[in-house]
Amino acid sequence: MKALLMISRYLVIAMFYTMTAAWSADRPNFLMIAVDDLRPMLGCYGHSGIHTPNIDRLAERGVVFERAYCQYAKCGTSRLSLMTGLRPDTIGVFSNNEKDVAAFRKRHSDAPSIAAWLKQHGYHTQSFGKIYHDGWDNAADWNVPSSPGRPREMWEVVDDADPGQPTLIAERLDCPIMQSPDVDDEHLFAGRMTTQVIATLNSLPKNAPAFLAVGYRRPHLPFIAPKKYFDMYQPDESWLAPGAIPGDDLPVMAWYNSDGYVGSARRVGLTMPNPPNRQQAMAWNGYEMRSYVGVPNHGTIDVATQLRLLQAYAACVSYVDAQVGRLLNSVDQSPQFRDATIILWSDHGWHLGEKTAWGKMSNYEIATRVPLIISGPGISPGRTSAIAELVDLYPTICHLADVEAPSQLQGESLNTVLQDPQRKSKAVAFSQYSRFGGKYMGRAIRTDRYRFVKWIDVKTQQVVERELYDHQTDPHETRNLAVRIENSELVQRLEHQLNTNWR
Ligand SMILES: [Ca+2]
C-alpha cells in the first residue's frame with residue numbers, strides 16, 4: 001500500500017513537470033523594461049536629435065503608444081498602480097511613506113501584483129533594479145526578488161580624483177547634480193545590472209515561462225552617465241522649454257512641484273515659502289533637482305546651466321538606451337527568449353523647465369505622458385494614437401500570457417490595439433496629483449483633444465481650481481481656457497465626463 005502511494009505521488013509530480021513544460025512551450029516569456037523618469041524624448045517619438053537607436057529598434061518591431069499616460073506622476077504611486085492594476089484613489093498612497101504602503105497592502109491583501117499573479121500561474125518571476133519605489137516591493141511576489149546591488153544605488157557617485165575606483169554611495173544632499181566620468185558602461189550601476197540580466201537570460205529554468213522585470217534608475221536624478229554619452233550632445237537655445245513661464249491663468253498648485261520639499265530645504269538651512277505666492281513658486285520650483293549640488297537651490301537657473309542640465313538628461317537617456325541595446329542583442333541570441341514579449345515603459349514624464357518646473361509631480365501632459373512600447377509574437381508593429389494608461393498593462397499581460405485576470409483590476413487590456421494599432425480604445429486617460437501635503441487633489445482627464453483638471457479642497461470637497469487646455473491649438477498647455485466665460489459649456493461637459501467616469 002505504502003509503495004503504491006509512493007508511485008502515485010511520483011506520477012503526480014511527473015505530471016506536474018510535464019504540465020509546466022507544456023506551459024513554457026505555449027506561454028510567452030516576458031521582458032519588462034522600466035526606465036525611471038523617462039519622458040518620451042526618444043528618436044522613435046520624433047526627437048531626431050536624441051540618440052536612442054536601441055529603443056528605436058524595439059519600436060520598429062512593436063506597437064508604439066503615442067498617447068500613453070501614467071496615473072500619478074511620481075515614482076512610488078505610479079509603479080504601485082501599474083504593478084497592482086489599481087488606480088491611485090483605490091491605492092490611497094500619495095506620499096513616500098512606507099507605513100502608508102504597508103497599510104495599503106493590509107487593506108488589499110487579496111490584490112496580487114502582476115508578478116505574484118504570474119508566479120501563482122506557473123511563471124518564474126524575477127526582478128532587477130527599480131521596479132517599485134525602493135522599499136515598496138513584496139519579496140514573496142518573485143521567485144528571485146529584486147537584485148538592486150547596494151541599497152540607495154540611486155545616489156551612486158564617482159570620486160572625481162580617481163574615477164576608476166568602484167563607485168560610492170553618497171548622502172543624497174551631497175550628490176552632485178551631474179557627473180560624466182570617463183568610464184566604461186559597466187563601471188556604473190545600469191551597466192553592471194545589464195550584465196547580470198544577460199547572465200540570467202542564459203541560465204533561466206527551462207521548465208517554466210519567465211517574467212523578467214528590469215528597472216533602470218536613470219534618467220532619474222542625479223544625472224550620472226559615462227562621458228561618451230555627454231559628448232553626444234551640445235544643446236543650444238532651441239532646446240529650451242517652450243512655455244517656460246506659466247501665465248497668470250495657470251493656477252500655482254498646478255505647476256508648483258516643490259511642495260513636498262519644505263523639510264529637505266530646512267535641513268540645509270533654507271526656509272521655503274509654504275504655500276508660496278506666484279513669484280516665490282517660480283523661484284523655488286523644481287526643488288527635487290535643486291536639492292542636488294551644482295544647481296541654485298532657488299532663484300533663476302541661468303541659460304548655461306539649463307543647457308548643461310538638458311545635455312545631462314539626454315546623456316542619461318542614451319546611456320540607458322545602450323543598455324537596452326545590450327538586452328535586446330542578448331534576447332535575440334537566446335533560444336529561450338528570442339520570442340519574448342517585450343514591454344518598455346516609464347513611470348511618468350518629466351518637466352525640463354516647462355512652467356519653471358524641473359522634474360515630475362504635476363498633472364500636465366509633460367509629466368503624465370510616458371513612452372510605452374510593446375513587441376512580441378502576435379503583435380502587429382505600428383504606431384497608435386489610441387489612449388492607453390499604465391494601469392492597463394496588468395490586464396494586457398494577463399491576456400498575452402493567457403492567464404485569467406484577477407477581479408480587482410481597474411484598467412483594460414490593450415489587446416485589440418496590439419492586434420491592430422489603428423483601433424480606437426478608451427475615450428479618456430485619468431491622472432491625479434495630491435498637493436500641499438494632501439490638502440488639495442487635482443484630478444485630470446485627457447481626451448483626444450483636451451486636458452481638463454479639477455482641483456478640490458480635500459476636506460471641504462469644494463472645487464478650488466479648474467484647468468482646460470486645447471491640444472489642437474495649444475500643445476504645450478500654456479493657456480487655461482477654463483477661466484474664460486465663453487468656454488463654460490465645454491468646461492461643464494468635461495467636468496461631467498470626469499465626475500461620472502472617474503475611477
Ligand atoms: Ca520615477
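## Confidence

The chain has a mean pLDDT of 94, with 95% of its residues at 70 or more. Residues 1–7 are the exception to read with care: their pLDDT is below 50. Beyond near neighbours in sequence, that stretch has 0 contacts in the model. This is a predicted model.

Where pLDDT is low, the predicted coordinates should not be read in detail.

## Overall fold

The chain holds 17 helices and 18 strands. Its radius of gyration is 23 Å, close to the 23 Å that the globule rule gives for 503 residues, so the chain is as compact as a globular protein of that length. Along the principal axes, the C-alpha atoms fill a box of roughly 85 × 60 × 40 Å.

Of the 503 residues, 48% are buried. Take the contacts between residues at least 6 apart in sequence: 68% of them join residues at least 24 apart.

## Helix H7

Helix H7 covers residues 189–201. At 1.5 Å a residue, its 13 residues should span 18 Å, and the end C-alpha atoms are 18 Å apart, which agrees.

The buried residues of H7 are Phe189, Ala190, Met193, Thr194, Val197 and Leu201. Seen down the axis of H7, they fall within an arc of 130°, so they line one face of the helix. The general rule is that an α-helix has 3.6 residues a turn, so residues three or four places apart point the same way.

What does this face meet?

## Strand E13

Strand E13 spans residues 372–375 and is covered on both faces. Leu372 and Ile374 are buried on one side. Ile373 and Ser375 are buried on the other. In a regular strand the side chains alternate between the two faces of the sheet.

E13 pairs with two strands, E2 and E9. Strand E2 (residues 62–69) pairs with E13 in the antiparallel sense over 3 bridges. Among the residues bridged to E13 is Val64, whose partner is Ile373. Strand E9 (residues 341–346) also runs antiparallel to E13, joined by 4 bridges. There, Ile343 has Ile374 as its bridge partner in E13.

Terms used: Residues are numbered from 1 along each chain as its sequence is written. This is a predicted model: local features need pLDDT of at least 70, side-chain atom pairs count only at pLDDT 80 or more; totals for chains, interfaces and linings use all residues. pLDDT is the predictor's confidence in each residue, from 0 to 100. Two residues are in contact if their C-beta atoms, placed from the backbone, lie within 7 Å. The expected span of a helix is 1.5 Å times one less than its number of residues. A residue is buried if 20 or more other C-beta atoms lie within 10 Å of its own, exposed if 12 or fewer, and partly exposed in between; C-beta atoms are placed from the backbone. The arc is that of the directions from the helix axis to the C-beta atoms. The radius of gyration is taken over C-alpha atoms; the globule rule is 2.2 Å times the number of residues to the power 0.38. Two strands pair if DSSP finds at least two bridges between them.
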